[in-house]
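Here is a short briefing on how two parts of one protein meet. Have a look at the structure first, then read on for the details of the interface.

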Amino acid sequence: MTTNALATIAVGKKNKVADIPPRIFGSFVEHLGRCVYGGIYEPSHPLATDDGFRQDVIDLAKELGVTCIRYPGGNFVSTYNWEDGTGPRDKRPVRRDLAWHCTETNEVGIDDFYRWSKKTGTEIMLAVNLGTRGLKAALEELEYVNGAAGTELADRRISNGIPEPMDIKMWCIGNEMDGPWQVGHMTPDEYASAVERVAHAMKLAESGLELVACGSSSAHMPTFGSWERTVLTKAYDNIDFVSCHAYYYERGAKTLQDYLASSHDMQLFIDTVAQSADEAKAANGGDHDIALSFDEWGVWYSDVWNKQEAQWKAQFGKGLHHDAWPKAPHLLEDIYNVTDAVVEGSLMITLLKNCNRVRSASRAQLVNAIAPIMTQDNGPAWRQTVFYPFSEAANHARGDAFCPDVDSPKVNTKTFGEVNAVDAVITWDEKTRNGLLLMVNIDSNEEHDISISFDGLPHFNPSAFAVDKSMVLHEDDPRLCNTLEQPMAVRPKNLAATVVDGRICCALPPISWSAVEFHS
Ligand code: AHR
């Protein structure tokens, strides 16, 4: 490891992006593998609550600081009957889930998830099925979930033990309807008409809803950009958010350095979708901005799932389909290393730097399936490496986000050309005078010295400036992971930071994520 040129980070009033929306620290719980069954819900577990939820997972979800959780899918939602997960458990139907080729027992449904959300203090963002269903089912679900007593479906919820309306505000109208893998996938025109009708009717049924139209499943979809323009222009009046989904993994990138620079792909995604949203507003002579809901993001080793799916399909071909509908199998249980955590840390920085447009985001997913929290059936739960950058931001980024001026040494990538080795965001709560600096050094080889000045933050008082906590996530072996056997192998350590004349100086090792909590 060598040290090279100094990077500087400076912030002023002009660098203010926007207030930080709490929903930017959202997550995602899909009926997928062991996310729900064996993840949040395991009634036979020694730490299960009276209603069957794992208390250790509840505790870790709270520690992670997640605010808003997208539910119940994902691809799963596109064949889902929401009614199946309501009423007495022993009467709920068992069904096949076409998205993940699993058996869905329906032991957990919206009523149960609502109870879980109360225990974790999280908001629910609910997705409706636009694959096999549509307008009627969406309206009925809305009545069941949010209706006041006195109509059939609201009364059914009450007789199922939830007297109060759940007051779920944010609804996703379908999931990834641009994806050929999606049950009931649509062309841009088909989806534009469908979402326009559903959103219009849902807003007639209830004011105050915030509705999310499906955007592109990735920036690499053939209809990326044109999909957003078509959908948002047609459905503009009743749409508040457009979704963005992006996953990254090392084998999916040209080089390790390209993988470490994945946030540049996310930035391109945000810029393109924000522009489409503005065009839709202009085309409609509109009065509201359509915000971005980055409601699936993170690291996913998707090639592993692709191989598994291909294998299952080959078995179908041999007539072995009876074997291919397991209950809560180990699916998408990616074990994350230090590099993955640094990439997720840089993605979080990008989301915060764009929080004037990205007003909601869900790191996918929460437990076991591509998740920061892992569990063993009947055993312990632990934190993956990616837990730490998320929890630090979710628990300490408050007030306004600032996109500082960063003067950084460069690294070369094949995909994005020459990019900064160091990236950072600063958050500052003027009322409490607490701030947070989040940084990454994505250089795969070199350490970089950094000097950071905070003078330009509004009402910053250099003489009262002090560092409360500073940490770095880095290991000499960037592929080190946390496992059942070694759950604490990777965790943030103290970052040596010196305060000189109201500035902070520190050294960021290669492939590292760091955070500095400060006050002034
Ligand atoms: O999060 C896993 C899957 O990724 C979701 O079900 C789907 O929406 C996306 O393709």
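This is a predicted model: local features need pLDDT of at least 70, side-chain atom pairs count only at pLDDT 80 or more; totals for chains, interfaces and linings use all residues.

Five strands of domain 1 each bring at least two residues to the side that touches domain 2: β17 (410–413), β19 (422–429), β20 (434–441), β22 (466–473) and β26 (512–519). Of these, β20 gives the largest share, with 5 residues.

**Make-up of the domain 1 side**

- Sorted by class, the side of domain 1 that touches domain 2 holds 25 nonpolar, 10 polar and 8 charged residues.

**Salt bridges**

- The interface of domain 1 and domain 2 has 2 salt bridges.
- Arginine 479 and glutamate 250 form a salt bridge, and their closest N and O atoms are 2.8 Å apart.

**Layout of the domains**

- Domain 1 is made of two stretches, 5–10 and 400–519, while domain 2 covers 21–396.
- To their contact, domain 1 contributes 43 residues and domain 2 contributes 35 residues.
- Between the C-alpha centres of domain 1 and domain 2 there is a distance of 30 Å.

**Buried area**

- About 3300 Å² is buried between domain 1 and domain 2, and carbon and sulfur atoms give 68% of that area.

Methods:
Residues are numbered from 1 along each chain as its sequence is written. Side-chain values use heavy atoms; hydrogens and water are left out. Domain bounds come from an automatic or database domain assignment. Contact means heavy atoms within 4.5 Å. Buried area is the accessible area (1.4 Å probe) that two parts lose on being put together, summed over both. A salt bridge is a side-chain nitrogen of Lys or Arg within 4 Å of a carboxyl oxygen of Asp or Glu. Helices (H or I, at least four residues) and strands (E, at least two) are DSSP runs, numbered from the N terminus. Ala, Val, Leu, Ile, Met, Phe, Trp, Tyr, Cys and Pro count as nonpolar, Asp, Glu, Lys and Arg as charged, and the others, Gly among them, as polar.
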